[in-house]
Amino acid sequence: MVASKKTLADKLEDGRHYEIGYLLSPAVSETALEDTVSKLLVAPITATSGEVEEQELPTLITLAYPIRKTVDHKTSVFTNAFFGHLRFIVEPSAIAKLAAKYQDQSEILRFLIIERPPVVVPLVVGVGPKRSIEREVISVGEVKPPALDAAALDREIDQLLLPTN
């Protein structure tokens, strides 16, 4: 019996969408960064029949606070780390296995896996050729205020300013 390989459409139906944000040790060389991410993060996902949708290569950042990591009874303090993220599809039962695998890796300082909703393409209603609307312009004419001489203007201002009894 030949096992059928799941297509991306099958994985979209069976699996859920997740994203992992991670911090890698600055001891990882920048030249080996892509291989390290592939070995430590991508390989466990593909081993659990998951598929990586999007990947951002990590960049070196200064941390907001020092992070302590104990490996083999030796504690190290880090002030810099490589930050990156992956978006992937995997079955929910595999998440606990992935988290345990990532926890055991000495090069991974911290990670956070979140479930995210699948990307939904919005339905656009009313798309079509633009119609021009003809508007009728009504000319009202020029409106002129009534002409007042200086004395009439002074009386008008006095009436506005003086209180009436």
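User: Where is the place of R116?
Analyst: This is a predicted model. In this model, strand β4 covers 108-115 and helix α4 covers 150-161. R116 sits in the loop between β4 and α4.

User: Does R116 count as buried or exposed, and at what relative accessibility?
Analyst: Buried means under 20% relative accessible area. R116 falls under that cut-off, so R116 counts as buried, at 12%.

User: Which residues does R116 touch, not counting residues up to four places away in sequence?
Analyst: Residues up to four places away in sequence are left out here. The residues that R116 touches are H17, Y18, E19, E53 and R87.

User: Which residue forms a salt bridge with R116?
Analyst: Side chains of opposite charge can pair when their charged atoms come close. For R116, the closest N and O atoms of the pair are 2.4 Å apart. A polar contact of 2.4 Å also joins these side chains. The partner of R116 is E53.

User: How many residues apart in sequence are the parts that R116 and E53 tie together?
Analyst: R116 lies in the loop between β4 and α4. E53 lies in strand β2, residues 51-71, so the pair ties together parts of the chain that are apart in sequence by 63 residues.

User: Is E53 buried, partly exposed or exposed, and what is its relative accessibility?
Analyst: Buried means under 20% and exposed means over 50%, with partly exposed in between. E53 falls in between, so E53 counts as partly exposed, at 37%.

User: How many salt bridges does a search of the whole structure find?
Analyst: The pair R116 and E53 is one of the salt bridges. R87 and E19 form one too. The whole structure has four.

User: How far apart are the closest N and O atoms of R87 and E19?
Analyst: R87 is in strand β3 and E19 is in strand β1, 68 residues apart. R87 is partly exposed, at 27%, whereas E19 is buried, at 17%. The closest N and O atoms of R87 and E19 are apart by 3.3 Å.

User: Which residues are linked in a network of salt bridges?
Analyst: R87 pairs with E19. E54 also forms a salt bridge with R87, with the closest N and O atoms 3.7 Å apart. That pair links strand β2 with strand β3, 33 residues apart. The network is made of E19, E54 and R87.

User: Which element supplies the largest share of the largest nonpolar core?
Analyst: This core has 21 residues, and L24, L41, F88 and Y102 have the most contacts inside it. β1, α2, β3, α3 and β4 each supply at least two residues of this core. The largest share, six residues, comes from α2.

User: Where is confidence lowest in the protein?
Analyst: The mean pLDDT of the protein is 82, and 73% of its residues reach 70 or more. Confidence is highest in β4, at 94. Where pLDDT is low, the predicted coordinates should not be read in detail. Confidence is lowest, at a mean of 55, in helix α1.

Definitions and conventions. Residues numbered from 1 in each chain as written. Predicted model: local features only at pLDDT ≥ 70, side-chain atom pairs only at ≥ 80, totals over all residues. Heavy atoms only, no water. Helix = DSSP H or I, 4+ residues; strand = E, 2+ residues; numbered from the N terminus. Buried < 20%, exposed > 50% of the residue type's maximum accessible area, 1.4 Å probe, protein only. Polar contact = N/O pair within 3.5 Å; in protein donor to acceptor, adjacent residues only side chain to side chain. Contact = heavy atoms within 4.5 Å. pLDDT = per-residue confidence, 0-100. Core = buried A, V, L, I, M, F, W, Y, C linked by side-chain atoms within 4.5 Å. Salt bridge = Lys/Arg side-chain N within 4 Å of Asp/Glu carboxyl O.
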